[in-house]
Amino acid sequence: MRRLAEFAVARGDGQLPEAVRQDVPGRVLDVLGNCLAAYSDATSDTAEAAAVVLRGVRRWGGAGEASVIGSGDRVPAPSAALVNGTLAHALDFDDTHLPSVLHPSACVVPAALAVAQSVRASGAELVAAIAAGIEVCARLGMASYLPQERNSLFFEQGRHATSICGTLGAAVAAGLLLGLRAEGVAHAVGVAASMGAGLLEANRTGGTVKPVHCGWAAHAGVSAAVLAAEGLTGPPTVLEGRFGFFQAWLGGRYDADALLEGLGERWELLRTVYKPYPANHFTHPLVDCALALRRDGLDPARIVEVEAGVAGPVLRTIAEPWQDKARPRSPYHAKFSGPYTLAAALLGGGGLGLALDDFAALDPARLELAGRVRCVADERASRIFPRAFAAVVRVRLRDGSTLEHRVDSSRGGPEHPLSAAELEAKFRSNASRALPPGQVDELAEAVRELGSGGTADDVLTRTALRPS
């Protein structure tokens with residue numbers, strides 16, 4: 001733990017590579033766009049989770065330290081982190097680190113923004129804190145990935161690695177912004193390790209709790225850092241100890257080299273990719289296959305049945321239980337359905353190929369086609385997973401012929417990352433669902449200026465919905 005804390009403090013002291021410094025504002029931009037889009041009517045079932053959290057935060061009250069994105073509310077920093085983290089994950093549109101399959105920015109960025117605004121930190125301090133927090137979060141996730149298992153042990157046990165590791169990453173970022181040195185950051189993480197949690201069952205069978213996982217991670221990380229700043233201490237062996245983090249969550253099986261090797265030189269943050277489609281990342285290669293088949297002239301009216309071959313470990317998330325995935329219970333649940341997402345893409349989606357409006361309601365035509373989709377384990381996709389998300393789609397037509405398309409790395413993934421222009425377009429599309437064009441421009445400029453005099457307050461005050 002000491003090495004991670006020293007690494008974090010060194011980043012706060014200015015030891016940040018230029019590539020990382022340039023990367024972080026994009027993380028902030030993506031999170032803000034996702035948060036603002038969560039206010040739209042098109043995603044009402046997921047936005048309701050954030051609305052519930054905001055109502056709870058308003059009941060708690062407290063000092064107005066930090067802004068709730070979009071609402072204009074000023075609440076205590078831990079409360080702002082809770083709401084904003086929930087908003088960030090509400091659309092399942094947030095970035096993903098591979099092969100850990102974590103969504104680090106949705107936990108770390110809301111925590112850092114809330115604390116930075118409350119203490120009036122500089123933009124440079126905010127950028128460094130986000131970089132350190134995301135890196136620690138991603139490396140904890142990497143430590144849980146064992147190549148022989150071809151999966152994260154968190155996921156094998158039904159635990160949400162994002163919220164568990166994200167709590168510790170959020171504590172690192174918050175601790176740096178509160179001015180903690182290495183010993184204090186270590187205590188913040190030691191305290192936060194008793195606070196992280198998250199179960200993945202909502203991915204399978206529904207419920208609106210999952211977006212709150214990132215909100216709670218951000219909230220817990222800020223709370224742990226504040227308590228450490230006030231003198232609460234954590235165990236020095238909180239990660240590797242007999243009853244520490246790795247033993248409690250992973251049964252003592254973890255990759256220490258992945259956690260520490262090249263720390264400060266090789267950045268996992270830079271391997272974190274952006275999503276082009278607002279759905280569970282495991283479904284993205286299926287969307288790519290569907291879009292390619294349509295470009296090649298596939299007429300959906302001629303489809304008899306579809307076979308979707310994906311990595312074996314993802315079947316439990318996007319294909320099981322089949323009856324629930326073929327007929328998802330809500331638009332949000334549909335984002336975790338391989339059959340429904342594939343059907344939506346085959347029948348024609350918007351945006352970059354599949355857009356937020358495609359999940360505004362459960363479409364009868366898509367449900368009918370989803371019922372003819374069979375998801376199976378594909379050997380090649382399983383070998384590639386989770387370093388990239390691969391899939392093959394085979395479509396049998398009414399005349400008996402078969403069409404097939406395969407992708408080995410989904411769009412936006414490690415082999416095909418979104419360009420800066422595509423990321424900007426995604427942000428503007430999302431933010432414009434809640435803000436007028438001029439305010440979207442102001443917000444984008446405020447984020448760009450974080451490394452040259454801008455602050456968290458400059459950014460957050462531009463997210464409030466203005467009267468028309």
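Predicted model: local features only at pLDDT ≥ 70, side-chain atom pairs only at ≥ 80, totals over all residues.
Figure 1. Strand β9, residues 391-397, pairs with β10 in the antiparallel sense, and the pairing runs over six bridges. As background, the strands of a sheet pair through backbone hydrogen bonds, and they can do so in a parallel or an antiparallel way.

**Figure 2. Four strands line up as an open sheet.** Step back from that pair and you get the order β8-β7-β9-β10, an open sheet with mixed pairing. Which strands stand at the edges? They are β8 (373-377) and β10 (402-407). Each has a single partner strand, so one side of each is left without a neighbour in the sheet. From one strand to the next, the twist averages 15°.

Figure 3. Take helix α14 to begin with, which covers residues 284-295. Helix α14 lies across β7 (303-310), β9 and β10, and it runs at about 130° to β10. Now look for helix α18, residues 338-347. Its strands are β7, β8 and β9, and helix α18 runs at about 125° to β7.

**Figure 4. N84 is tucked into a buried spot.** You'll find N84 in helix α4, which spans residues 77-89. Is N84 buried or exposed? It counts as buried, because its relative accessibility is 2%, and the cut-off for buried is under 20%. A polar atom of the N84 side chain lies 3.1 Å from the backbone oxygen of S67. Leaving out residues up to four places away in sequence, N84 touches C35, S67, V68, I69 and P110.

Figure 5. The structure holds 32 salt bridges, and here is one of them: R27 with D95, whose closest N and O atoms are 3.1 Å apart.

**Figure 6. E156 and R316 make another link between distant parts of the chain.** In this salt bridge, the closest N and O atoms of E156 and R316 are 3.5 Å apart. Where do the two residues lie? E156 is in helix α7 (residues 153-156) and R316 is in helix α15 (residues 315-318), 160 residues apart. E156 counts as partly exposed because its relative accessibility is 34%. R316 is partly exposed too, at 29%.

Figure 7. E445 is partly exposed, with a relative accessible area of 34%. R448 counts as partly exposed as well, at 46% relative accessibility. Widen the view and you can trace a network of salt bridges linking E424, R428, D441, E445 and R448.

Conventions. Residues numbered from 1 in each chain as written. Heavy atoms only, no water. Buried < 20%, exposed > 50% of the residue type's maximum accessible area, 1.4 Å probe, protein only. Polar contact = N/O pair within 3.5 Å; in protein donor to acceptor, adjacent residues only side chain to side chain. Contact = heavy atoms within 4.5 Å. Pairing = 2+ DSSP bridges. Axes fitted to C-alpha atoms, helices over the stretch in contact; angles between N-to-C directions. Salt bridge = Lys/Arg side-chain N within 4 Å of Asp/Glu carboxyl O.
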